[in-house]
Amino acid sequence: MKFSQIIGHRTLKDKLRGNVIAGRIPHAQLFLGKSGHGALPLAVAYAQFISCKNRLDHDSCGECSSCRKYETLAHPDLHFSFPFSADKGKIASENLETWRKSFLSNPYIDYNSWMRDLGAEKKQGNIPIAECRDIIKSLSLMAFESEYKVLILWLPEFLGDVGNTLLKIIEEPPVNTLFLLVAESSEKVLGTILSRTQSVRIPPIEMGELRDHLVAEFQLSEDQSTRIALMADGDFRVAIDLMQGVESPYFEMWRNWMGMCYRVKPAEANAWTDELATLGKEGIKAFLSYGLALMRSVLVVAHVPELNTWTGREGEFVESFTKLQFSVDQIDKLVQVVEQCLFEVERNAHMKALFTDATFKIARVMLDKKN
Ligand SMILES: [Zn+2]
């Protein structure tokens, strides 16, 4: 995968390329970002760039023997590790063919779609101890063709305590060995692993870049692409779902929250905040970003009903919310409360207190209209 195949991230790509050209290649890095932001394809493109035999300033060549093997993820010095279910074998490489197919058909793959591709959607994914031992074994071999051996370990969140068996090799790897860990949520990665890796944060895709990509690749109009890119908030997976009318996994929860605020039911709020807490920090951030996109649409649709690009139950929600006839000022205030929550979550606020307070604030904003 070449850098040019990845949507946006110009600054980050420049930085990664610059470091390689300057010979600054840390041996253990953690690419941290949502799957829809492109953390995994960036790690693969970075590894391909390092291994390319005719590297150009701005990208790998795409044509040398190394690049050609990278294009099918079949380079002998490129290793992958990822979560899989216990019934699919003892080590990740038993699922390598499925993994290659899944990644090549969608490099922005996330955990749920991977488990579905693996035929294990109802099973628990895991990176077991046998896999950790296999990683250590395969990295102790000499590189076959490249200067470097690279291990891309996708979703170290699934390592559990057995991940500690990797500490020594991450800290003192065999010569010319690179660890590229790709995680969505740093809080679920073992602290002992985090402290041994350099973080590379993958931010959301820039709005303009995502919009241009949607225009070029999906034949959408400028207008449609702009709206979808705005709602997707830099997440290519969300953009795809919006285009395909797939309902967000956060929809129910958002609808429940708004319903609770509207009916003013503090007792429900308690159970709801408990459920919310199970999402973890990154999940809560994604939930709030999604809710913000929905509520911003309410503002737009209140003025121009044809601009409702949501479909199914989400479309109905946006439509019925506009029919409650809140003022622009009220929706604005509601959006501000949610934005403040997002800010506080980022700063590790106490979730239960934060959302109990936010529920009351939103209820008050909504009540203004009822009186
Ligand atoms: Zn090349």
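**Ground rules.** I am working from a predicted model, where local features need pLDDT of at least 70, side-chain atom pairs count only at pLDDT 80 or more, and totals for chains, interfaces and linings use all residues. Residues are numbered from 1 along each chain as its sequence is written, and side-chain values use heavy atoms, with hydrogens and water left out.

**Helix α4.** I looked up residues 96-105 and found W99, R100, S102 and F103 buried (under 20% relative accessible area; exposed is over 50%, partly exposed in between, with a 1.4 Å probe and protein chains only). Helices (H or I, at least four residues) and strands (E, at least two) are DSSP runs, numbered from the N terminus. Down the axis of α4, the buried residues fall within an arc of 170 degrees, so they line one face; the arc uses directions from the helix axis to the C-beta atoms. E97, K101 and S105 are exposed on the face turned away. The buried residues pack against α2, β2, α5 and β3 (contact is heavy atoms within 4.5 Å).

**Helix α10.** In residues 222-232 I noted S225, R227, I228, A229, M231 and A232 as buried. Their cover includes α9, α11 and α14. D233 follows α10 with a positive phi, near 55 degrees.

**Largest cavity.** Which helix gives the most to its lining? I got α17 (residues 351-370), with three residues.
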